[in-house]
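Please take a moment to look over the chain as a whole before reading on. The paragraphs below then lead through it part by part.

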Amino acid sequence: MTDPVQQQYEAYPYPARDPADEARRLITGSPSFLPELNHYVFGGRRDFHHSMRVLVAGGGTGDGLIHLAQYLAASGSQHEVVYLDLSTASRTIAEARAKVRGLTNIRFLTGSLLDLPQLAPGPYDYIDCCGVLHHLPEPAVGLQALMDQLSPHGGMGLMVYGQYGRAGVYPMQAALRQLVGGEPPHQQVALAKALLAELPDTNEFQRNPFLVDHKNNDSGLYDLLLHSQDRAYTVPELHALIDGAGLHIAAFIEPCCYDPLTYLKDDALRRRAAALPLPEQQALAERLCGSLKTHVMYVVPQARAAEAVAQPAPDLAPWLNGVPAKALAETLGQRGELAVAFESARLVFTAPPQAAEIVALIDGRRTLGAMAQMMNLGWDDFAAAYAPVHRMLTGVNKLFLRQP
């Protein structure tokens, strides 16, 4: 990172957080939600009672760090979580949040991820790197630095900016550099607010309903519009970046947003889309959706590509994320559909046959094999009935597989 980037996060730690809030809530999300990363990195078969080493590279004020460290602490094992960030101001906030929660499994370091071999060498079982690579002068160099410290049996959770959902951001950044570049950070923020107040309705940034960080606080405004080092990616560009580091994209989150069949209803168009190779399907879905302002993904070494994502098996148990099985089963049975909302888009999925019956049996511990027996079905017949239910619920990030 360049000095202006470090100076920015000293002046405006991001995201803005009050450590006292940890006493009343835990911020969770993707990547690095433990059941989710287990499903997409470890095939649902990671035993978190066995210790692991985790790196949070560019941890900022600690959102990903705190929820990952909290879930690992709850497993009862001696996991080591290493936090690394350039900003001492951000680190101070992250440390204060950890102290409120009584977390003792975190080692805090200040520095660049490019200096990992000296500061905190691997191997790491899992690396979280969110909102960092797109602020590096050479993102590929940064990703390779992480890959070099990753265990061959591990994986990473990454987040980078998406190009189409950030429509209007980069012309606004350029305009602000013309108008306020070189001013002290607080003066830049004040002048940026003045400009935003008088933008014409025709301005692309003004017309993008998905951009809200600048409305939340000064830290969000600076990060969105006044950043000195910032780029966004399309799906094809991401595949090239990840492939170039010897890695494989195991999954985008949420998977349904990267499936063109989510957006296409015409049978002829659906057949054409389904015939495309998976990376091209994902690229098509991004173009059709238009609102993906970030890309969240799990990546693994290419040698682990076939084993990373959990697949239905008799000894794995489905676990529902944030929705009671009884309520979901009733919804699927009564309405025959599942409706979800991402950003401002409402997506509706037709419930597969037997979806309500299958979901009603999910308790987080019961294996798929046991569910098959309860439905008086052989494994092959049950697997055929379960497959479309699995696709629908994993697609909207509501179901993960794990060993009970």
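**A walk through the model**

Helix H2, residues 34–41, is mostly covered, with 8 of its 8 residues buried, where buried means under 20% relative accessible area, exposed means over 50% and partly exposed lies in between, found with a 1.4 Å probe on protein chains only. Helices (H or I, at least four residues) and strands (E, at least two) are DSSP runs, numbered from the N terminus. This is a predicted model, in which local features need pLDDT of at least 70 and side-chain atom pairs count only at pLDDT 80 or more, while totals for chains, interfaces and linings use all residues. Residues are numbered from 1 along each chain as its sequence is written, and side-chain values use heavy atoms, with hydrogens and water left out.

The buried residues of H2 include Leu34, Glu36, His39 and Val41, and just after this helix Gly43 takes a positive phi of about 60 degrees. The loop between helix H1 (3–11) and H2 holds Pro15, and Pro31 lies in the loop between H1 and H2 too. Most residues other than glycine have a negative phi, and most peptide bonds are trans. Against that background, the peptide bond from Tyr14 to Pro15 is cis, with omega near -10 degrees, and another cis peptide bond joins Ser30 and Pro31, with omega about -5 degrees. Ser32, in the loop between H1 and H2, has a positive phi near 80 degrees although it is a residue other than glycine, and Ser32 is buried, with a relative accessible area of 0%.

How are the strands arranged? An open sheet is formed by 7 strands in the order E3-E2-E1-E4-E5-E7-E6, with mixed pairing, where two strands pair if DSSP finds at least two bridges between them. Its edge strands, each pairing on one side only, are E3 (106–110) and E6 (247–253).

Turning to helix packing, the axes of helix H8 (residues 185–196) and helix H10 (residues 218–225) come within 10 Å and cross at roughly 85 degrees; axes are lines fitted to C-alpha atoms, for helices over the stretch in contact, and angles run from 0 to 180 degrees between N-to-C directions. That makes H8 roughly perpendicular to H10, a term for angles of 65 to 115 degrees, whereas under 35 counts as roughly parallel, over 145 as roughly antiparallel and the rest as oblique. Among the residues that meet are Val189 and Leu196 in H8 and Leu221 and Leu225 in H10, with contact meaning heavy atoms within 4.5 Å.

Finally, Gln281 is found in helix H13 (residues 278–289) and is buried, with a relative accessible area of 15%. Gln281 touches Tyr258, Asp259, Pro260, Ala273, Ala274 and Leu276, not counting residues up to four places away in sequence. By comparison, Gln354 lies in the loop between strand E10 (345–350) and helix H15 (355–360), and at 36% relative accessibility Gln354 counts as partly exposed.
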